[in-house]
Amino acid sequence: MRNNNIQRCDFRMHDMIDGKFRVERVLSSSQTDQKFKVNDTSGKEYILKLLKLWEVEPRLRQSMLLSADSEIKSCQIKSNYLTNIIHTGVVNGNPYLLMEYCKSMDLSHYVRNPRLNLIKTVKEILYGLRDLHKSGKVHCQLTPDNILIADNGHTMITNYVILGGRRNLLTSKNKTLRSRFIDKSLAYQAPELYHLERCSTILPSVDIFSFGVILFQLLTGEFPFGRLATESDWIHYQSRAKNNDWNKNILLRSEQREMWMSILEICLSPDAYGRAKNIDEILSKLPEDDNRYMSVAGSKVEAPQSILNGVMLHVMQGDEFDKYYRLPEIMQSPKRIITIGRADNSVFNMIQLPELTSAYISRRHCTIELDDEKEVWYIRDGQWDKETKEKWSRSLNGTYVNNIRVTEEGHKILPGDIISIGEIKLRVEAY
């Protein structure tokens, strides 16, 4: 696509977008995108999200377009607990996506509301997060504003498609101190994101922290680490969050206090590794009732588990979205190792990961090995390197399985695990 084909879009009420969708309301505008409520020609309502490509420097537009295209494809997740993508298109050179609309109010209207079925709502939020995480996605901006309660009481997570890139989104939020405006959404941000340069790989544990803040707010009407109105408040809020100093006393009279405390403790830990390992760990602390998970026919949220031929890596997020790497076919016998790294002529890797829109993958990033006696695969951070003193070269930004950082000692991988390498997410699947 040529840069001169990209034109500014200033859509207002009653304007037609792409000749198909009439603007009913302008919902929001950020540095990277705009959101509208629209109707199609039959009167059906949708939410339309438009990437403001015209605002991007011409030299960066192609990489932004590639990133947005990959994000849209990887977020087409069939789930009863997520607002789903219905249609994608391009208008004046700017990509857009259409998401389902439901008559609803966001969760912020239900804080400490006695009419809210709290257990049901909490479970459905967790079901939505689990579907995202199993699909290799991290929401990154989970707040009450991005959780919808439909007229029938059903809960869905929205606004999980991030067209401008997750790091760009989080970096822009962290600039809030340079302005005099405190973005209340910072209250839900995990401590490891306060200094994003130290956190090159964004893991599902950041959503678990955000969920903990939301749960505390639903129970008490307050933020766990204090008020948030001024720059001074924000400095103190960060300090308390990093020191695990959340207000436990306010829950003394809460019904089911022990249950809620046990959940909050594994969500609000300042250390990502001190939080729940996954969403199922949180769900296991909630009472069993009729609010069971409802799957969608044809959904690919669950990774294939039955090993007939072997194990493969499925690209769930990255420049090669939906590509498969079948490990037994890549492994060069009699060796039982597979090297993975950034595509680079100076190093040979059996799996070369292209990185067109970021720079977080090392040339010698990680190694996968097969224990052929036990038929078990392991992943290690780094690779054998005879040029180094230790004979082993570690990656710069780490290798992760689910929420766990992998060392050179290795970590067993099983179908369903998500491997994070930079911004790329690979799901382990059986075939």
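**The second largest pocket**

Begin with the second largest pocket, whose volume is about 520 Å³. Its lining comprises 27 residues, and Lys134, Asn278, Asn402, Gly416 and Asp417 are the closest to its centre. A pocket here is an open set of points on a 1 Å grid over the protein atoms alone, with protein on both sides within 12 Å along at least five of seven lines; a cavity is a set of points where a 1.4 Å probe fits but cannot get out, and lining residues have an atom within 4 Å of a point. Grid points are joined across faces, edges and corners, and a volume is the space filled by probe spheres set on the points.

This is a predicted model, in which local features need pLDDT of at least 70 and side-chain atom pairs count only at pLDDT 80 or more, while totals for chains, interfaces and linings use all residues. Residues are numbered from 1 along each chain as its sequence is written, and side-chain values use heavy atoms, with hydrogens and water left out.

Next, colour the elements that supply at least two residues each to this lining: helix H2 (118–134), helix H7 (279–283), strand S20 (411–413), strand S21 (418–421) and strand S22 (424–430). Helices (H or I, at least four residues) and strands (E, at least two) are DSSP runs, numbered from the N terminus. H2 gives the most, with three residues. By class, the lining has eight nonpolar, nine polar and ten charged residues. In this scheme Ala, Val, Leu, Ile, Met, Phe, Trp, Tyr, Cys and Pro count as nonpolar, Asp, Glu, Lys and Arg as charged, and the others, Gly among them, as polar.

**Serine 420**

Remain on strand S21 and select serine 420, which has its place there. Is this residue buried or exposed? Serine 420 counts as buried because its relative accessibility is 1%, where buried means under 20% relative accessible area, exposed over 50% and partly exposed in between (1.4 Å probe, protein chains only). Show its contacts (heavy atoms within 4.5 Å): leaving aside residues up to four places away in sequence, serine 420 touches Thr201, Leu203, Gly398, Thr399, Tyr400 and Lys425.

**The nonpolar cores**

Now select Phe211, Trp260 and Ile282, the residues with the most contacts inside the largest nonpolar core, which has 92 residues. Helix H4 (residues 205–220) contributes the largest share of this core, ten residues. A nonpolar core is a set of buried Ala, Val, Leu, Ile, Met, Phe, Trp, Tyr and Cys residues joined through side-chain atoms within 4.5 Å. Centre on isoleucine 282: with residues up to four places away in sequence not counted, its contacts are Leu126, Ile208, Phe211, Ile263, Ile266, Cys267 and Ala276. Another core, of 25 residues, lies apart from the largest one and includes Leu327, Met331, Ile368 and Val401.

**The cavities**

How many cavities of 30 Å³ or more are there? The count comes to two. For the largest, with about 80 Å³ of space, select Cys140, Gln141, Tyr188, Gln189 and Ser210, the closest to its centre of twelve lining residues. That lining divides into six nonpolar, five polar and one charged. The second largest cavity, of about 30 Å³, is lined by Val315, Gly318, Asp319, Glu320, Leu353, Pro354 and Ile424.

**Strand S6 and its partners**

Select strand S6 (residues 94–100), in which six of the seven residues are buried. S6 pairs in the antiparallel sense with strand S4 (residues 45–51) over five bridges and with strand S5 (residues 85–91), also antiparallel, over six bridges. Two strands pair if DSSP finds at least two bridges between them. Leucine 98 in S6 is the bridge partner of leucine 48, and histidine 87 stands opposite leucine 98 as well. S5 and S6 form a hairpin with two residues between them, and asparagine 92 in the turn has a positive phi of about 50°.

**Backbone details in loops**

Finish in the loops. Aspartate 18, between strand S1 (16–17) and strand S2 (21–29), has a positive phi near 60° and is partly exposed at 27% relative accessible area. Arginine 112, between strand S7 (104–106) and H2, has a positive phi near 55° and is exposed at 56%.
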